[in-house]
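Open the structure in your viewer and keep the sequence panel beside it. This tour goes stop by stop, with something to select at each one.

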Amino acid sequence: MTPGERWLATLWPLVRTRLPAEPGRVVEVGCGPLGGFVPMLRADGYDAVGIDPQAPDDAHYQRIEFERAEPPHQVDAVIASTSLHHVADPAQVIDRIANTLRSGGALVVVEWAWEKFDEQTAAWCFKRLGPNDEAGWLHRRRAEWLASGHEWPSYLRDWAERDRLHPGDMLLRLLDERLERQLLTHGPYFFPDLVDTSEADEQTAIDAAQIQPTRIDYVGTRL
């Protein structure tokens, strides 16, 4: 199972409980090449569409940026899983999401607060990486950091600025300005890319204050 598949399998039960009852119209923003939660949504009776430039070439997807897409209107829910911190203009995207929702419709967000990825958390993750022939994004961060010769906070900031990553606290502010918050929790994020490490293992480390909880789980509704 790939890290992406582990992520979807682990997060699906959590996302599912935060959706309106089926049947309903659901749009997933940034579903990625695996199709995100769309197959599971459709299997559970939802009328679901995924939007992403790298989405599968299938009738239930639009292979385009959300900003340029033609999403259905008055949908019951929108899912945005680790996509908002990458978009060019998060305020514009969240505005468009809110306008896509019907009154009372829900936005279910799973995000990453990169600014909480401190040195202690990074060290914990790097100790749990697999062989380099299975290199993923954390392998690349470790290699680039070591090659830079910089302290971790300086490297992290430079990387985030270079990749134009939006911090989690800014995304939360934008969400709260446009939606009525129903839920906000923080939890494990790195486990799919780590060897022999489950979501529960990462949560145990969080509870013991060994690492930071960098995943953001948010639900907001349109008034």
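**Stop 1: charged pairs**

Select R181, which is partly exposed, because its relative accessibility is 40%. Keep in mind that this is a predicted model. D176 and R181 form a salt bridge, and their closest N and O atoms are 2.5 Å apart. How exposed is D176? D176 is partly exposed too, with a relative accessibility of 30%.

Move on to D217. Is D217 buried or exposed? D217 is buried, at 2% relative accessible area. Show the side chain of R18 as well. D217 and R18 meet in a salt bridge, at 4.0 Å from N to O. D217 lies in strand β7 (residues 215-221) and R18 in the loop between α1 and β1, so this pair ties together parts that are 199 residues apart in sequence.

D217 forms a salt bridge with R215, where the closest N and O atoms are 2.9 Å apart. R215 counts as buried, at 4% relative accessibility. Which residues belong to one network with R215? Select R18, E199 and D217 along with R215: salt bridges with shared partners join these residues into one network. Across the whole structure, a search finds 14 salt bridges.

**Stop 2: the sheet**

Switch to a cartoon view and find the strands. Seven of them are ordered β3-β2-β1-β4-β5-β7-β6 in an open sheet of 7 strands with mixed pairing. Which strands stand at the edges? Colour β3 (61-62) and β6 (180-187): each has a single partner strand, so one side of each is left without a neighbour in the sheet.

β3 pairs with β2 (residues 47-51) in the parallel sense, over 2 bridges. Select I51 and look for its bridge partner in β3, which is Q62. Strand β2 is mostly covered, with 4 of its 5 residues buried.

Then go to β1. β1 and β2 also run parallel as a pair, over 5 bridges. Select V29: its bridge partner in β2 is I51.

S83 sits in the loop between β4 and α3 (90-100). Its relative accessibility is 10%, so S83 counts as buried. What does S83 touch? Beyond its neighbours within four places in sequence, S83 is in contact with V29, G30 and E111.

**Stop 3: the nonpolar cores**

How many residues does the largest nonpolar core have? It has 45, and L19, L41, W112, F117, L138 and F190 have the most contacts inside it. Colour the elements that give two or more residues to this core, among them α1 (3-17), β5 (101-112), α5 (137-148) and α8 (199-207). A second, separate core holds 27 residues, including V27, A69, V75 and V87.

Centre the view on F117. Leaving out residues up to four places away in sequence, F117 touches W112, A122, C125, W137, L138, W152, L156, F190 and T214.

**Stop 4: the rings**

Display the aromatic side chains. The structure holds 19 aromatic pairs. Select W112 and W137 to see one of them: an edge-to-face pair, 5.3 Å from centre to centre, with 75° between the planes. This pair links distant parts of the chain, with W112 in strand β5 and W137 in helix α5, 25 residues apart. Both W112 and W137 are buried.

Now widen the selection. W7, W112, F117, F126, W137, W145, W152, Y155, W159, Y189, F190 and F191 form one aromatic cluster.

Finish with a ring and a charge. Select F66 and R96. What sits over the ring of F66? The charged end of R96 does, 5.6 Å from the ring centre.

Key. Residues are numbered from 1 along each chain as its sequence is written. This is a predicted model: local features need pLDDT of at least 70, side-chain atom pairs count only at pLDDT 80 or more; totals for chains, interfaces and linings use all residues. Side-chain values use heavy atoms; hydrogens and water are left out. A nonpolar core is a set of buried Ala, Val, Leu, Ile, Met, Phe, Trp, Tyr and Cys residues joined through side-chain atoms within 4.5 Å. Buried means under 20% relative accessible area, exposed over 50%, partly exposed in between (1.4 Å probe, protein chains only). Contact means heavy atoms within 4.5 Å. Rings of Phe, Tyr and Trp (its six-membered ring) pair if their centres lie within 6.5 Å; planes under 30 degrees apart count as stacked, over 60 as edge-to-face and the rest as tilted. A charge sits over a ring if NZ of Lys or CZ of Arg is within 6 Å of the ring centre and within 35 degrees of the ring normal. Two strands pair if DSSP finds at least two bridges between them.
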